[in-house]
Amino acid sequence: MKAIIDHIKSIEHGFKHIIDAGDAILKDGTQNHLDLAISFLDDDSYQVRMLATYLLGQLSTAESKALTLLETKVASDPNWRVQEMLAKSFDHYCSVMGYQQSLPKIQTLLSDPNPNVKRAVIEGLRIWTGRPYFKDNPTVAIELISSHKSDESEYLRKSVGNALRDISKKYPVEIDEELSTWDMSDKNTIYTYKLVRK
C-alpha cells in the first residue's frame, strides 16, 4: 500500500495513475475498501484524496455511505483536482445505475446547496447528450443544466455554459429555444449566455 501511495504522490498531473492505483486496491480482497477510502480523505496530499474519491465513486453504487461522503466531505474539498475526480465519480454512479434510473438522484444533487455538488454533476455527465437516455431526450438535459444559468457560483456557471455549448453542436435549435427564454437583464445569466455562444 505504501508503494502505491508513494507512487501517486510523485505524479502531479493527470488521472490515469490514480485510477490504476484505485483499481489495484479494489482487486485486493483482503482490504475493507470503504474504510480505506475514508482513511484517505483527510490526507494532506491531494493525490491521496483523489484516490479516496475514486474509490468512493467505485463503491457508491453498492454502498450508500460512499455516495453520502462524495456529496458531503469530498464536495467540500478545496482542491480542484479532487473536484474533477468527484465529477467522474458521479458519472460512474449514473452509468452503472442507469442514467434514466438515476434521474431522481441527479435532480437531488442538482438541488444541493453546495455549488461543488451541482458542478460535479453537470461536469461529470458531459457531454450529456452522448449519454444513454439524454441522447434521446436532449431537452431534459438542457432543462436540468439551464436551471443553474444564474447561480451565484461562477465556477458552476462556467460548467453550465460549457455543457450547453457542447449540446448546441448537435442540438442548436433546442439550445436556441432555451436561450430565448433567458432573462438577459441578469448579469449572471449574461455570463452563462456568452459561454454558450462562445
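This is a predicted model: local features need pLDDT of at least 70, side-chain atom pairs count only at pLDDT 80 or more; totals for chains, interfaces and linings use all residues.

Start by selecting Lys149 and showing its surroundings: leaving out residues up to four places away in sequence, Lys149 touches Arg157, Val160, Trp182, Asn188, Thr189 and Thr192, where contact means heavy atoms within 4.5 Å. Lys149 sits in the loop between H9 and H10. Helices here are DSSP runs (H or I, at least four residues; strands are E, at least two), numbered from the N terminus. Lys149 is buried yet has no salt bridge. Buried means under 20% relative accessible area, exposed over 50% and partly exposed in between, with a 1.4 Å probe on protein chains only. A salt bridge needs a side-chain nitrogen of Lys or Arg within 4 Å of a carboxyl oxygen of Asp or Glu.

Residues are numbered from 1 along each chain as its sequence is written, and side-chain values use heavy atoms, with hydrogens and water left out.

Next, go to Leu195, in helix H12 (residues 187-197). Is Leu195 buried or exposed? Leu195 is buried, with a relative accessible area of 12%. Beyond its neighbours within four places in sequence, Leu195 contacts Arg157, Lys158, Gly161, Asn162 and Arg165.

Now colour helix H8 (residues 115-124). Nine of its 10 residues are buried, so H8 is largely enclosed by the rest of the structure. The buried ones run through Asn116, Val117, Lys118, Arg119, Ala120, Val121, Ile122, Glu123 and Gly124. What covers them includes helices H5 (64-71), H6 (80-97), H7 (103-109), H9 (138-146) and H10 (154-168). At the N-terminal end, find the cap: a side-chain oxygen of Asn114 lies 2.8 Å from the backbone nitrogen of Asn116.

Walk on into the loop between H8 and H9, where you'll find Ile127 and Tyr133. The peptide bond from Arg126 to Ile127 is cis, with omega near -10°. Tyr133 has phi near 75°, a positive value in a residue other than glycine, and at 18% relative accessibility it counts as buried.

Then select Phe134. Setting aside neighbours within four places in sequence, Phe134 is in contact with Tyr99, Leu103, Ile106, Leu125, Trp128, Thr129, Val140, Ala141 and Leu144. Phe134 is also one of the residues that touch the most other members of the 59-residue largest nonpolar core, along with Phe40, Leu51, Leu56, Phe90, Ile106 and Trp128. Helix H4 (residues 46-59) gives the most to this core, with nine residues. Such a core is a set of buried Ala, Val, Leu, Ile, Met, Phe, Trp, Tyr and Cys residues joined through side-chain atoms within 4.5 Å.

Finally, zoom out. The protein chain has 12 helices and zero strands, and its C-alpha trace spans about 55 × 30 × 25 Å along the principal axes. Buried residues make up 53% of the 198 residues.

Terms used. A polar contact is a pair of N or O atoms within 3.5 Å; within protein, one must be able to donate a hydrogen and the other to accept it, and residues adjacent in sequence count only if both atoms are side-chain atoms. Lys and Arg count as positive and Asp and Glu as negative; His and the chain ends are not counted.
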